[in-house]
Amino acid sequence: MKKQFASVWLAASFAALAAPVMAAENCGRVSIAEMNWASAGVAAHVDKIILESGYGCEVELVTGDTMPTFTSMNEKGEPDMAPELWVNAVKVALEAAVAEGRLILAAPLLAEGGEEGWWVPRYIVDAHPEITTVSAALARPDLFPAPEDPGRGAVHNCPSGWNCQITTENLYRALEAEAKGFDLVDTGSAAGLDGAIANAYERKAGWLGYYWAPTAILGKYEMVKLDFGVPLDRAHFDACTSQPDCPDPKVTAYPVSEVFTVVTRAFAEKAGVAMDYVQTRKWSNATVNQVLAWMETNQGTNEDGARHFLETYPELWRDWVPADVAQKVKAAL
């Protein structure tokens with residue numbers, strides 16, 4: 001379903017490009033949304049460096065966020081580019097914009113899409129290789145002691161106020177985790193959730209709970225995402241699992257979030273020389289996790305993270321551009 005979903009959009013994007021548009025020889029001025037989360041911010045700076053150094057563009061970064069950036073691109077044609085748009089939040093409107101030729105889907109920036117799930121530390125799976133599913137983990141509350149009651153297991157919840165707090169609570173009920181000896185532990189915030197994982201790793205203790213990728217924590221600490229043992233039931237997930245006070249939650253996998261680079265038609269026209277680049281470049285969650293972990297350790301900015309990526313992973317990004325462009329980018333680092 002994911003591949004079919006993506007291919008329909010990509011076909012529409014390529015159809016839009018097939019219209020009589022003359023690609024400019026010079027890139028000109030380009031505006032790129034620097035979204036307010038780390039992975040997207042780094043991607044914006046990677047694009048800025050490559051487009052400026054490799055293609056001669058004049059790039060302006062503008063502050064962005066999912067809904068306002070998409071609305072502005074769709075209605076005003078600016079900014080020209082959103083490097084990391086999580087499209088589930090704007091799916092219907094984006095489909096219409098692509099079909100009508102206003103916006104163009106480029107590469108799926110995150111090769112695996114955005115991931116959500118329940119995770120355990122790698123050392124737990126190494127010591128207990130049978131723990132590959134959520135059900136197997138819930139059969140061993142002794143391996144995941146609750147911080148306030150070590151006699152019970154703990155499922156660590158998503159930060160307060162996030163939708164994943166709702167999904168985790170509903171899945172906790174669907175899995176009958178309380179009856180299996182587990183408490184649902186409120187971590188309070190993203191920092192609290194990160195701290196719980198870091199503390200467990202320092203003590204080589206058991207830990208079970210919600211997390212997502214790409215993130216710095218998953219670059220710093222090796223975690224394993226567990227299988228829910230059933231496929232995604234998208235209708236149920238949308239109608240119940242993701243809703244507060246879901247009356248009868250059922251076990252379902254999390255959906256994968258489609259994450260694309262989106263550009264305006266104007267970008268394709270004035271920066272046509274760079275379209276092959278934005279339709280090619282993608283990276284894995286593991287790569288992003290490592291870059292974000294480096295940024296956290298070194299207190300790096302988004303630009304620092306972009307330069308670290310370009311300096312550390314040349315074998316990856318050189319495949320995104322022609323050899324002469326790669327040489328110009330390398331020389332500019």
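**Note on the fold and some local features**

1. Val87 sits in the loop between strand 3 (81-86) and helix 4 (91-99); helices (H or I, at least four residues) and strands (E, at least two) are DSSP runs numbered from the N terminus. Is Val87 buried or exposed? Its relative accessibility is 0%, so Val87 counts as buried (buried is under 20% relative accessible area, exposed over 50%, partly exposed in between, with a 1.4 Å probe and protein chains only). Val87 and Val259 are 172 residues apart in sequence, yet their C-alpha atoms are 6.0 Å apart in space.

2. This is a predicted model, in which local features need pLDDT of at least 70 and side-chain atom pairs count only at pLDDT 80 or more, while totals for chains, interfaces and linings use all residues. Residues are numbered from 1 along each chain as its sequence is written, and side-chain values use heavy atoms, with hydrogens and water left out.

3. Taken as a whole, the chain has 16 helices and 10 strands. Its radius of gyration is 22 Å, close to the 20 Å that the globule rule gives for 333 residues, so the chain is as compact as a globular protein of that length (the radius is taken over C-alpha atoms, and the rule is 2.2 Å times the number of residues to the power 0.38). Along the principal axes, the C-alpha atoms fill a box of roughly 70 × 40 × 30 Å.

4. Of the 333 residues in the chain, 51% are buried. The chain exposes about 14,700 Å², and carbon and sulfur atoms supply 52% of that area (Shrake-Rupley method, 1.4 Å probe). Among contacts in the chain with a separation of 6 or more, 74% join residues 24 or more positions apart (a contact means heavy atoms within 4.5 Å).

5. How do helix 7 and helix 10 pack? Helix 7 (residues 163-174) meets helix 10 (residues 234-241) at an angle of about 105°, and their axes are 10 Å apart. Helix 7 is therefore roughly perpendicular to helix 10 (65 to 115 degrees; under 35 is roughly parallel, over 145 roughly antiparallel, the rest oblique). Helix 7 contributes Ile166, Thr167, Asn170 and Leu171 to the contact, and helix 10 contributes Phe237, Cys240 and Thr241. These residues divide into 4 nonpolar, 3 polar and no charged (Ala, Val, Leu, Ile, Met, Phe, Trp, Tyr, Cys and Pro are nonpolar, Asp, Glu, Lys and Arg charged, the others polar).

6. Thr241 belongs to helix 10. With a relative accessibility of 1%, Thr241 counts as buried. Leaving aside residues up to four places away in sequence, Thr241 touches Ile166, Thr167, Asn170, Leu171, His236, Cys246, Lys250 and Thr252.

7. Most peptide bonds are trans, and most residues other than glycine have a negative phi. Which residues does a cis peptide bond join, with omega about 0°? They are Glu78 and Pro79; Pro79 is in the loop between helix 3 (66-76) and strand 3. Another cis bond, with omega about 5°, joins Ala213 and Pro214. Pro214 is in the loop between strand 8 (209-213) and helix 9 (216-220).

8. Lys204 is not a glycine but has a positive phi of about 50°. Lys204 lies in the loop between helix 8 (190-203) and strand 8, and counts as exposed at 53% relative accessibility. Asp245, also a residue other than glycine, has a positive phi near 60°. Its place is the loop between helix 10 and strand 10 (259-264). Asp245 counts as exposed, at 75% relative accessibility.

Terms used. Axes fitted to C-alpha atoms, helices over the stretch in contact; angles between N-to-C directions.
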